[in-house]
Each structure stands twice: as structure tokens, then as C-alpha cells.
Amino acid sequence: MVGTADIELDARLTLGGLMVDAGHIETGLAEMYEVKEQATARGRSGVVARSHVNLPSVLEGIGRSEEALRILREGVDLTRRMGLLESEAWVWGNLAESLLSLGRWDEALEAAARASGRAAQPRGGACLKTAWIALARGELAEAARQLAEARTAYGTHDLMPQYRLPLAATAVGIAAAEGRLADARAELARALDAGLPPGTQRYVWPLLVLAAEAEADARGVPDAREGRAETLDRLRGTAKSLTTGVPLWQAHDQWVRAELGRAEGLDTRDDWSEAVTAFEALGRPYELARVRFRLAESLLTDGGDGDRDRATELLRLCHAVAVHLGARPLADAAGRLAQRARLPLHPGDGARAADPVEALGLTGRERDVLRLVADGHTNRRIAEELFISPKTASVHVSNILAKLGVAGRGEAAAVAHRLGLFRPAPQHDRTI
């Protein structure tokens with residue numbers, strides 16, 4: 001009414017995010033997308049910048065990382081052309097988060113480095129992304145250094161949950177990796193005592209996963225018994241209080257449940273199997289590799305020959321992805337478990353008990369498509385080879401990426417080659 005279009009668009013953008021938090025996901029996203037398009041069309045630079053930060057952040061929070069990535073790439077270009085340096089830093093920081101989720105860690109580190117030099121809060125987030133990758137790669141000193149830098153960038157006064165909770169999760173992960181269970185518990189308690197406002201579940205689930213994993217890994221350690229029951233009860237109660245309205249949160253809920261069962265010494269094969277199934281559809285290779293490792297571990301505890309066959313393929317996939325990402329602790333753990341169980345981790349190490357392609361849950365048609373993907377063919381070429389439409393070929397490729405738990409065609413080809421799923425095409429000498 002008074003001509004303050006920017007204020008109206010900003011309010012609608014906030015409204016859309018709140019609608020998503022309240023569970024009205026598609027309606028809220030539609031509002032945010034409309035604001036983005038209107039702001040871009042009208043050249044409203046402030047709202048353009050904020051929409052290219054907030055919308056992909058919301059998408060990332062509900063597990064739609066590829067969708068977020070497309071908007072962030074657009075946002076980098078727009079904020080740079082408009083000379084919005086601080087907004088560009090926010091975009092780079094969110095880009096690092098989505099690339100991390102998708103298993104594109106080297107690209108994530110580059111994006112984090114671009115976010116680090118411009119403003120305190122984007123720098124803090126960039127340091128945390130770098131710390132997560134360092135932690136997964138077993139570089140604990142670097143992870144601790146990046147965590148300290150993030151804390152300095154954020155400061156200590158009245159931290160908002162979106163900063164406070166990832167800081168706590170990173171601290172829990174580092175403490176657990178260094179065997180400091182008491183410190184991990186203290187970090188968890190401080191984070192939960194500070195309260196969990198509505199809409200913060202995206203930050204709470206990773207914290208619960210890491211804390212539950214720490215308790216499970218410490219099972220049987222005498223010094224860990226005191227306070228153990230209380231911690232497990234609090235983890236379970238917190239998980240029950242969180243919403244599971246999107247597949248990503250459902251997968252984390254299943255993961256926490258499986259870790260709590262492992263911490264209590266229960267048979268968790270079914271829980272881990274459900275966790276693997278949940279993550280197979282999400283395109284998050286590192287998380288999928290981790291739950292695949294736990295399922296293999298559970299299957300080998302009291303499993304029969306059929307369970308050993310499945311565990312072999314799970315460990316091969318886990319190891320291949322861990323090596324690709326440089327996640328040395330996970331790769332080493334998969335190797336040690338395979339060695340203890342006398343399982344052939346690499347093709348050719350022993351007799352193959354089962355067809356690995358079938359063990360991955362691929363259909364016959366998906367097997368054919370994966371073979372052509374591994375040979376480097378495009379969807380159009382695959383369609384021509386198999387006498388199907390390019391759209392059908394694209395659907396098959398998407399299903400294969402989900403089942404392998406990889407983010408792109410190159411990674412799918414790399415996994416296929418590492419596991420020896422297909423023999424290379426014979427090379428014939430040519431005479432002239």
C-alpha cells in the first residue's frame with residue numbers, strides 16, 4: 001500500500017521459511033521461489049541476495065541438496081555482478097554445505113575458502129564445513145583448529161541455534177574421535193540445555209547421531225558406565241521430540257535409533273537395514289557409507305552365509321566411497337572388519353559368493369545402464385544402445401545413483417570400476 005516492495009518481499013521470504021519449518025513444505029517453498037523470481041525480475045538487489053541465501057539453505061535443510069546447488073550457482077553469479085560481497089560470502093558458505101552433503105568434498109573446501117575472507121558469520125560456517133571434512137578424513141588437529149576459528153568468528157554472546165548447534169555437533173565429533181567421551185557428553189548437555197526452538201531439527205539430528213555413535217563406540221568401556229544410562233535416555237527423548245517430516249530427518253531418526261540399540265548391545269540388523277534403505281534414496285554418499293558399514297558389522301555378528309555375502313558387498317561399497325572421499329578412518333575400519341571376517345574386500349581377493357550387481361539391488365535394466373555409464377556414455381547414447389527414450393535412461397541413471405549412494409555419474413563409474421562390476425571391453429589390434 002505504501003510502496004515498500006522490498007519489505008513485502010522480505011516478509012514473504014521469511015514467511016515461506018517459517019511455513020517449511022511448520023511442515024507446509026511445498027507451499028512454503030513455492031512462496032520462496034516466487035519471491036526469488038519477482039525480486040530478480042525487479043532488480044531488487046537486497047532481496048535477490050537474501051533469496052539466493054535463504055531458499056537454498058531451506059532446501060539443504062530438508063535434504064534437497066542438488067536443488068539447492070542450482071540456486072547457489074546462480075546466486076554466486078548474481079551477487080558478484082551486483083557487487084554484494086557479504087551476500088556472496090553467504091552464498092559460497094551455503095554452497096560449501098551442499099557440496100559437502102553431496103560428497104563433493106574438494107569442491108566444498110574451495111567454496112568454504114571463498115566464503116572465509118569476507119564476513120564473520122560466513123567465515124564461521126566455512127570453518128565448520130572444513131572441520132567436518134577434516135574430522136571425516138582423520139585430520140583431528142586440523143578439525144580442532146577449524147572449530148576454534150569458527151568459535152572466534154561467531155563469538156560467544158547469545159549464539160543463534162543455527163550457529164550454536166553445528167558448533168556443538170562438531171565439538172562432539174572431535175571429542176569422540178579423540179576418546180574424550182566425558183567432553184562429548186558435556187558438549188551435548190550444554191547444547192540441549194540451551195533449548196531447541198521449533199525449526200531447528202535440521203541442526204539437532206546430526207548432533208544426536210554423533211552423540212549416539214560416541215556412546216555406542218564406548219560400550220564396554222568401564223569408565224563410560226557412569227552417566228551412560230542418563231545420556232542414552234536423554235538422546236532417545238530428544239529424538240522423539242523432533243519432527244521427521246522429510247525423508248532426510250526420517251533417515252536420521254532411524255540412524256539414531258540404530259546407534260542407541262548398538263549402544264545397548266541389542267540386535268540392530270533390522271534397524272541398520274532400514275537406515276541403509278532410507279539413505280539410499282538421498283544422494284548423500286558419506287552418510288550412506290557409514291550406515292552400510294554398521295549394517296555389515298551387524299550382519300557379521302551372528303549372520304549366516306547369506307549375511308556374509310551381503311556384508312561383503314556392503315563393505316566393498318563402503319570402502320570404495322570412503323577411499324574416493326579420502327575418509328581414511330572409515331576406509332580403515334571397513335578394511336579391518338573385512339580382514340577379521342576373512343572377507344574379500346576387493347574383487348579377485350577370493351571367490352565371489354554372489355553377483356555384486358544383484359547384491360546392490362540393481363534390476364537387469366539398471367545393470368545395463370550402469371555398464372554404459374561406466375563406459376562414459378551420455379543418456380542419449382544409452383537410450384540409443386538400449387532402444388529406450390532419453391528420459392527413461394535419465395530415470396534409470398537417477399535410480400542407480402541413489403542405490404550406489406553417489407552424487408554423480410563419475411562417482412558411479414568409479415565405484416563400478418573399483419568393485420570390478422564389469423569386465424573391460426576387449427581391445428582388438430588393428431592392422432592398416
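A nonpolar core is here a set of buried Ala, Val, Leu, Ile, Met, Phe, Trp, Tyr and Cys residues joined through side-chain atoms within 4.5 Å. The legends below describe close-up views of a predicted model.

**View 1. The largest nonpolar core and leucine 315.** The largest nonpolar core holds 120 residues, of which Leu207 and Leu315 touch the most other members. Helix H11 gives the most to this core, contributing 10 residues. When its neighbours within four places in sequence are left aside, leucine 315 is in contact with Phe293, Ala296 and Leu300, with Ala334, Leu337 and Ala338, and with Leu343 and Leu345. A second, separate core, made up of 12 residues, includes Cys127, Ala134, Ala150 and Tyr163.

**View 2. The packing of helix H11 with helix H13.** The axes of H11 (residues 201-217) and H13 (residues 247-263) come within 8 Å and cross at roughly 20°. Because angles under 35 degrees count as roughly parallel, H11 is described as roughly parallel to H13. The crossing of these two helices, H11 and H13, is left-handed. On the H11 side, the residues that meet H13 are Gln201, Arg202, Trp205, Leu208, Val209, Ala212, Glu213, Glu215, Ala216 and Asp217, while H13 brings Trp249, His252, Asp253, Trp255, Val256, Glu259, Leu260, Arg262 and Ala263 to the contact. Sorted by class, the contact of H11 with H13 has 10 nonpolar, 2 polar and 7 charged residues.

**View 3. The packing of helix H1 with helix H2.** Helix H1 (residues 5-21) and helix H2 (residues 25-42) pack at an angle of about 155°, and their axes are 7 Å apart. Because angles over 145 degrees count as roughly antiparallel, H1 is described as roughly antiparallel to H2. The crossing of H1 and H2 is left-handed. H1 takes part in the contact through Ala5, Leu9, Arg12, Leu13, Gly16, Gly17, Met19 and Val20, and H2 through Ile25, Thr27, Gly28, Leu29, Glu31, Met32, Glu34, Val35, Gln38, Ala39 and Arg42. The residues of the contact of H1 with H2 comprise 10 nonpolar, 5 polar and 4 charged.

**View 4. The surroundings of arginine 365.** Arginine 365 belongs to helix H19, which spans residues 364-374. With a relative accessibility of 33%, arginine 365 counts as partly exposed. Apart from its neighbours within four places in sequence, arginine 365 is in contact with Leu386, Ile388 and His396. The C-alpha atom of arginine 365 is separated by 47 Å from that of alanine 141, and these two residues are 224 residues apart along the chain.

How values were computed
Residues are numbered from 1 along each chain as its sequence is written. This is a predicted model: local features need pLDDT of at least 70, side-chain atom pairs count only at pLDDT 80 or more; totals for chains, interfaces and linings use all residues. Side-chain values use heavy atoms; hydrogens and water are left out. Axes are lines fitted to C-alpha atoms, for helices over the stretch in contact, and angles run from 0 to 180 degrees between N-to-C directions. Helices (H or I, at least four residues) and strands (E, at least two) are DSSP runs, numbered from the N terminus. Angles under 35 degrees count as roughly parallel, over 145 as roughly antiparallel, 65 to 115 as roughly perpendicular and the rest as oblique. A crossing is left-handed if the near helix is turned anticlockwise from the far one by less than a right angle, and right-handed if clockwise. Contact means heavy atoms within 4.5 Å. Ala, Val, Leu, Ile, Met, Phe, Trp, Tyr, Cys and Pro count as nonpolar, Asp, Glu, Lys and Arg as charged, and the others, Gly among them, as polar. Buried means under 20% relative accessible area, exposed over 50%, partly exposed in between (1.4 Å probe, protein chains only).
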